[in-house]
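Biologist: Hi! Could you show me the model and talk me through the wording you use for it?

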Amino acid sequence: SFSSRRRHTRYWRDWSSDVCSSDLCEDLLYSLRVVRALPRADILVTNTFWLPVLIRSERYGKLYVHVARFPKKQMGLYRHAARLQAVSQAVADAICAQTPAVAHTVRAVPNHLPVEQFHATPPANSRPPLILYVGRVHPEKGLELLLRACARLRAPHRLRIVGPWQTELGGGGDSYRETLRAIASPNPAEFTGPVFGAEQLNAHYDAATIFVYPSLADTGETFGLAPLEAMARQRVAVVSALACFGEFLRHGENGFVFDHRATHREELLAKQLDTLLAAPEQLPAIAGRALVSARQFALPQVADRYLADFQSLLAS
């Protein structure tokens, strides 16, 4: 029909530039090879762009599409799938808003943390206290906001930023790092660069007094793994008001949230950090509740949710 052609044209305009990328071309070649090798199954979980488009028969199993990013209006291509599994309710809501016709297939099943991530150690009692950020050093992560907020703090502190600034690793580049250094002066922040080993990364979490994740990426953060990792190490996290963080962090109970959309957001973040730094005796109780909340995302618990969802599809 004309309406169908018009809808597909709109989808093409939205993601045609992405389709031309080398990654998606390689994904198409990979998916074509996979289709020829697939065995019969009950459930087929996909984690590529093209494979769900190519699968049109249930002999490969109920089609279970893993959606780890915010949709770009391409979910209509997967109308035939039995399940669109979003990694957070925020992503699930975005799918339903963009493509209401697939809403009945959407479920949120979160990412998991490995069991070894959980470690009950009280917040570090370092002097001066260490404020930690872990993630890509990129403008969308709100690091300029963090540096300006830290410049307002009355209490002595250290600031450590762990993550890549190199563009090939998803960072903002050398010039962006120098911009951050200039903002931080005369109270320089420590930039460690990327950390690839779990032990080294957890050592940074364990050394921290407070973990801060001030992301501004309203349609970029789909789950919020870094704050949850910090909570699993029994650390108090302060995050921006992105919807995905609300699935595991509750303000004043197991962590803290500041409004990153407010005009005085730097002042809000600085006030929250000053309050925590001025009352270190309150941190252990909050950090303990953070650890309890993070345990809900341990591998066994998330695996059970997957299995229950698989069973519901087979029963139907």
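Modeller: Gladly. The largest nonpolar core has 88 residues, and those touching the most other members are Leu84, Ile95, Ile161, Phe211, Val238, Leu269 and Leu273. This is a predicted model, where local features need pLDDT of at least 70, side-chain atom pairs count only at pLDDT 80 or more, and totals for chains, interfaces and linings use all residues. Residues are numbered from 1 along each chain as its sequence is written, and side-chain values use heavy atoms, with hydrogens and water left out.

Biologist: What makes a set of residues a nonpolar core?

Modeller: Its members are buried Ala, Val, Leu, Ile, Met, Phe, Trp, Tyr and Cys residues joined through side-chain atoms within 4.5 Å. A second, separate core of six residues includes Ile43, Val109, Val302 and Phe310.

Biologist: Which residues does Ile161 touch?

Modeller: Setting aside residues up to four places away in sequence, Ile161 touches Tyr133, Val137, Leu143, Leu147, Ala189, Glu190, Phe191, Thr192 and Gly193. Contact here means heavy atoms within 4.5 Å.

Biologist: Why is H5 called roughly parallel to H6?

Modeller: Helix H5 (residues 143–151) and helix H6 (residues 174–184) pack at an angle of about 15°, with their axes 9 Å apart. Angles under 35 degrees count as roughly parallel, so H5 is roughly parallel to H6. The axes are lines fitted to C-alpha atoms over the stretch in contact, and angles run from 0 to 180 degrees between N-to-C directions.

Biologist: Which residues make that contact?

Modeller: H5 brings Leu143, Glu144, Leu147 and Arg148, while H6 brings Tyr176, Leu180, Ile183 and Ala184. By class, they divide into six nonpolar, no polar and two charged.

Biologist: And where do H8 and H10 meet?

Modeller: Leu228, Met231 and Ala232 in H8 meet Ala290, Leu291, Ser293 and Ala294 in H10. Helix H8 (residues 225–232) and helix H10 (residues 283–294) pack at an angle of about 115°, their axes 7 Å apart.

Biologist: Why does Gly173 count as buried?

Modeller: Buried means under 20% relative accessible area, using a 1.4 Å probe and protein chains only. Gly173 has 7% relative accessibility, so Gly173 counts as buried. Gly173 lies in the loop between E6 and H6, and touches Trp165 and Thr167, not counting residues up to four places away in sequence.

Biologist: What is Gln166 in contact with?

Modeller: Leaving aside neighbours within four places in sequence, Gln166 contacts Gly171 and Pro194. The C-alpha atoms of Gln166 and Pro194 are separated by 9.0 Å, with the two residues 28 apart along the chain.

Note on methods. Helix = DSSP H or I, 4+ residues; strand = E, 2+ residues; numbered from the N terminus. Parallel < 35°, antiparallel > 145°, perpendicular 65-115°, else oblique. Nonpolar A, V, L, I, M, F, W, Y, C, P; charged D, E, K, R; others polar. Buried < 20%, exposed > 50% of the residue type's maximum accessible area, 1.4 Å probe, protein only.
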